Amino acid sequence: MPLNIAVLAKASLDPNMIRTRGDSLVDIEAMPLALSEYDKNAVEAAVQAKEKHGGKVYVLSVLTWPPAARRVKELEQVMREALAMGADEAHVVVDEALIPGDPLATAEAFAALIRKLGQVDLVVAGEASMDMISSQVAARVAALLDLPFIGFARSLEIGDGRVRAVRDLEDRLETVEAPLPAVVSVTGEANKPRIPTLIQVRRAFRKPINRYSLADLGLEPPAKPELGEIRVLTVSRKNIILEGDNLEEIAEKLIDALIKEGVIKA
Amino acid sequence: MVKALAFTMEPGLVAELASHTRRLAGEAVLVAPKEAASKAPAGVYTKAYILEAGDPAAFAAALEKVYNEYKPDIVLTIASKNNTTAAALLAAKLRLPMLTEALEPRIEGSTLTAKRRVLGGRAEASYRAQLPAVLSLARGAAEPLQEAGGVEAQPLEAPQPRVTLLESKEKVREAVNLEEAEIVVGVGRGFRSREDLKLAEELAQLLGGVVGASRPIVADYGWLSEDRWIGISGKKIRPKLYIAIGISGAPQHMAAAMDSKIIVAVNKDKNAPIFQYADYGVVADLYQFLPVLIKKLRERLNR
Ligand SMILES: Cc1cc2nc3c(=O)[nH]c(=O)nc-3n(C[C@H](O)[C@H](O)[C@H](O)COP(=O)(O)OP(=O)(O)OC[C@H]3O[C@@H](n4cnc5c(N)ncnc54)[C@H](O)[C@@H]3O)c2cc1C
């Protein structure tokens with residue numbers, strides 16, 4: 001049975017590229033966006049399912065960071081990455097009323113977009129975005145569309161109109177099953193995201209990216225919590241690189257330093 | 001007066017939840033599995049509902065009924081995976097805002113303020129929301145409230161779940177306490193096999209420390225148990241000395257080691273981000289450096 005699969009993929013602030021203004025205030029506008037780490041696992045899971053069962057993979061994204069005018073290009077680049085991995089079409093929602101993002105508003109936009117796409121058999125997302133780490137959007141989308149939800153899946157398998165997954169909880173692994181259509185969030189362990197080849201990257205430029213506003217989706221601007229300032233938590237470190245003519249000398253220096261710091265005893 | 005609906009699918013989190021509920025609310029009810037609901041302290045809750053854990057969606061559907069009857073100002077839980085999932089499902093149905101892993105929640109009038117760790121745990125964001133709202137509170141932020149139970153507990157029905165459980169397997173547990181360890185030796189993907197972790201174990205033993213690891217070592221490869229997982233999705237450590245070996249220094253890992261007094265990094269890549277987080281850095285191949293360090297330590301420590 002061919003499957004229509006929607007992947008929720010976020011253009012996230014990259015936590016490896018934190019930029020600050022003044023002392024510790026995070027300068028959001030100066031930080032680049034990248035495809036969220038575990039959303040790559042979601043794209044991979046969707047593409048693998050398509051390879052096995054046939055069908056179509058839609059990659060969906062809601063822009064959540066300002067400034068919208070400039071970020072649209074970055075969002076498209078992020079979508080190209082998912083398209084190069086094997087998704088067929090991208091559908092993005094860009095609207096000032098959704099920026100800065102909040103799981104409540106983002107999920108409502110996704111739910112409306114999925115309804116608009118028509119028959120979707122499976123929705124896949126990452127367990128959490130790498131910037132805001134809320135683990136809400138996939139569950140919210142399931143609730144809004146009234147679909148079964150499996151969160152934190154470390155593997156998934158589709159067959160006979162059902163999805164079977166292993167839910168990775170703190171103290172146990174649960175093998176669970178739900179009828180399709182369903183929503184699943186996958187962990188970083190679910191698979192190894194493929195690195196697209198140059199040809200795939202090039203081919204991705206010919207795949208469509210469709211853009212929607214809230215009005216296109218028939219939605220009112222949602223009320224959302226107010227995101228105030230973001231401050232980086234810093235601990236100052238000594239940042240001393242130990243050097244020497246050989247490893248013996250470096251080891252000696254390290255041991256001396258640790259004794260002097262009082263963290264090991266001679 | 002603030003009215004709270006508190007819930008937990010994990011019975012073990014009930015005392016921590018009671019502590020937050022007492023601080024935030026003037027009146028509250030609890031929904032939890034029997035062993036937890038029967039212990040609901042009368043000083044915090046006016047009523048408890050017994051609801052067995054099962055599937056988060058079925059649990060959330062039962063919670064929704066209590067919500068609509070009780071009409072609370074706030075829904076409170078403690079952030080386990082299932083609790084956060086159930087909270088998000090409930091929040092979506094009710095169109096309520098929700099904060100995951102919330103810290104320092106405060107309510108003034110009808111306004112809620114709280115903080116959250118974001119950007120891989122390396123930064124803190126401030127939020128303001130209008131009640132009613134849902135809070136999945138960060139674990140370990142409140143002293144558990146140990147108080148005798150005694151409120152009336154009434155059973156609650158959950159609908160038939162659409163997600164069916166076929167099998168449940170307990171994870172392997174070890175008797176290590178990474179969170180309290182004074183010396184931690186962290187291992188990452190720089191190690192090429194499980195066998196090779198012996199090098200780190202020997203170093204840890206020599207220093208009277210404990211071996212911890214990055215997420216891939218535990219979750220991808222399964223080389224060590226989850227009790228040794230350091231990071232925002234694992235354990236938070238605060239040792240006197242953290243020696244991170246073959247770990248690149250991802251924010252999600254380092255955020256949980258920020259309270260270490262001294263951090264040492266051993267990595268063969270001089271540009272690895274870990275060196276920015278380290279007090280002392282050694283740019284070397286761990287397979288060459290660790291045997292030398294171990295030998296020198298034996299000499300110096302007479303062990
Ligand atoms: C939502 C979310 C939550 C996450 N939670 C966590 C978490 O809780 N904990 C966690 O750890 N990660 C977490 N991660 C993953 C994190 O982003 C990184 O992928 C992970 O920490 C990398 O692990 P690593 O440093 O062992 O591996 P790598 O990043 O692959 O680093 C390996 C390092 O070893 C060095 N190396 C290789 N060979 C040698 C050698 N012979 N000698 C010396 N050095 C060598 C390399 O130079 C490299 O720097 C999370 C990610 C996300 C998105």
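Which residues does Glu226(B) touch, not counting residues up to four places away in sequence? They are Asp168(A), Glu170(A), Lys171(B), Arg173(B) and Val218(B). The model is a predicted one.

**Contact between chain A and chain B**

- The contact draws 81 residues from chain A and 82 residues from chain B.
- One salt bridge is formed by the side chains of Arg237(A) and Asp279(B), at 3.0 Å from N to O.
- Polar contacts link 49 residue pairs between chain B and chain A, counting pairs with both residues at pLDDT 80 or more.
- On the side of chain B that touches chain A, helix 4 (residues 81–94) of chain B gives the largest share, with nine residues.
- That side of chain B is made up of 42 nonpolar, 25 charged and 15 polar residues.

**Strand pairing across the two chains**

- Strand 10 (residues 164–170) of chain B and strand 11 (residues 172–179) of chain A run antiparallel and are joined by six bridges.
- Within this pairing, Glu167(B) in strand 10 of chain B stands opposite Thr175(A).

**Glu226(B)**

- Glu226(B) sits in the loop between helix 6 (215–220) and strand 13 of chain B.
- The contacts of Glu226(B) include residues of both chains, among them Asp168(A) and Arg173(B).
- Gly208(B) is 18 residues from Glu226(B) in sequence, and their C-alpha atoms are 20 Å apart in space.

**Strand 14 of chain B**

- Strand 14 (residues 262–267) of chain B is largely enclosed by the rest of the structure, because six of its six residues are buried.
- In a regular strand the side chains alternate between the two faces of the sheet.
- In strand 14 of chain B, Ile262(B), Val264(B) and Val266(B) point one way, while Ile263(B), Ala265(B) and Asn267(B) point the other way; all are buried.
- Strand 13 (residues 241–245) of chain B runs parallel to strand 14 of chain B, and five bridges join them.
- Ala265(B) in strand 14 of chain B has Ala244(B) opposite.
- Strand 15 (residues 280–283) of chain B also pairs with strand 14 of chain B, in the parallel sense and over four bridges.
- Val282(B) in strand 15 of chain B is the bridge partner of Val266(B).

**Strand 1 of chain A**

- Six of the six residues of strand 1 (residues 3–8) of chain A are buried, and the strand is mostly covered.
- From strand 1 of chain A, Leu3(A), Ile5(A) and Val7(A) point one way and Asn4(A), Ala6(A) and Leu8(A) the other way, and all are buried.
- Six bridges pair strand 1 of chain A with strand 6 (residues 55–62) of chain A in the parallel sense.
- Lys56(A) in strand 6 of chain A is the bridge partner of Asn4(A).
- Strand 8 (residues 122–126) of chain A pairs with strand 1 of chain A in the parallel sense, over four bridges.
- Val123(A) in strand 8 of chain A has Ala6(A) opposite.

**Cis peptide bonds**

- The peptide bond between Ile99(A) and Pro100(A) is cis, with omega about -5°.
- Pro100(A) is placed in the loop between strand 7 (89–93) and helix 3 (103–117) of chain A.
- In chain B, a cis peptide bond runs from Leu131(B) to Pro132(B), with omega near 0°.
- The loop between strand 7 (123–130) and strand 8 (133–137) of chain B holds Pro132(B).

- Asp160(A) is not a glycine, yet its phi is positive, near 55°.
- Asp160(A) belongs to the loop between strand 9 (149–159) and strand 10 (162–168) of chain A.
- Asp160(A) counts as exposed because its relative accessibility is 80%.
- Lys71(B), also a residue other than glycine, has a positive phi of about 50°.
- Lys71(B) is in the loop between helix 3 (56–70) and strand 4 (74–78) of chain B.
- With a relative accessible area of 58%, Lys71(B) is exposed.

Note on methods
Residues are numbered from 1 along each chain as its sequence is written. Chains are lettered from A and ligands numbered from 1 in the order in which they are written. This is a predicted model: local features need pLDDT of at least 70, side-chain atom pairs count only at pLDDT 80 or more; totals for chains, interfaces and linings use all residues. Side-chain values use heavy atoms; hydrogens and water are left out. Contact means heavy atoms within 4.5 Å. A salt bridge is a side-chain nitrogen of Lys or Arg within 4 Å of a carboxyl oxygen of Asp or Glu. A polar contact is a pair of N or O atoms within 3.5 Å; within protein, one must be able to donate a hydrogen and the other to accept it, and residues adjacent in sequence count only if both atoms are side-chain atoms. Ala, Val, Leu, Ile, Met, Phe, Trp, Tyr, Cys and Pro count as nonpolar, Asp, Glu, Lys and Arg as charged, and the others, Gly among them, as polar. Two strands pair if DSSP finds at least two bridges between them. Buried means under 20% relative accessible area, exposed over 50%, partly exposed in between (1.4 Å probe, protein chains only).
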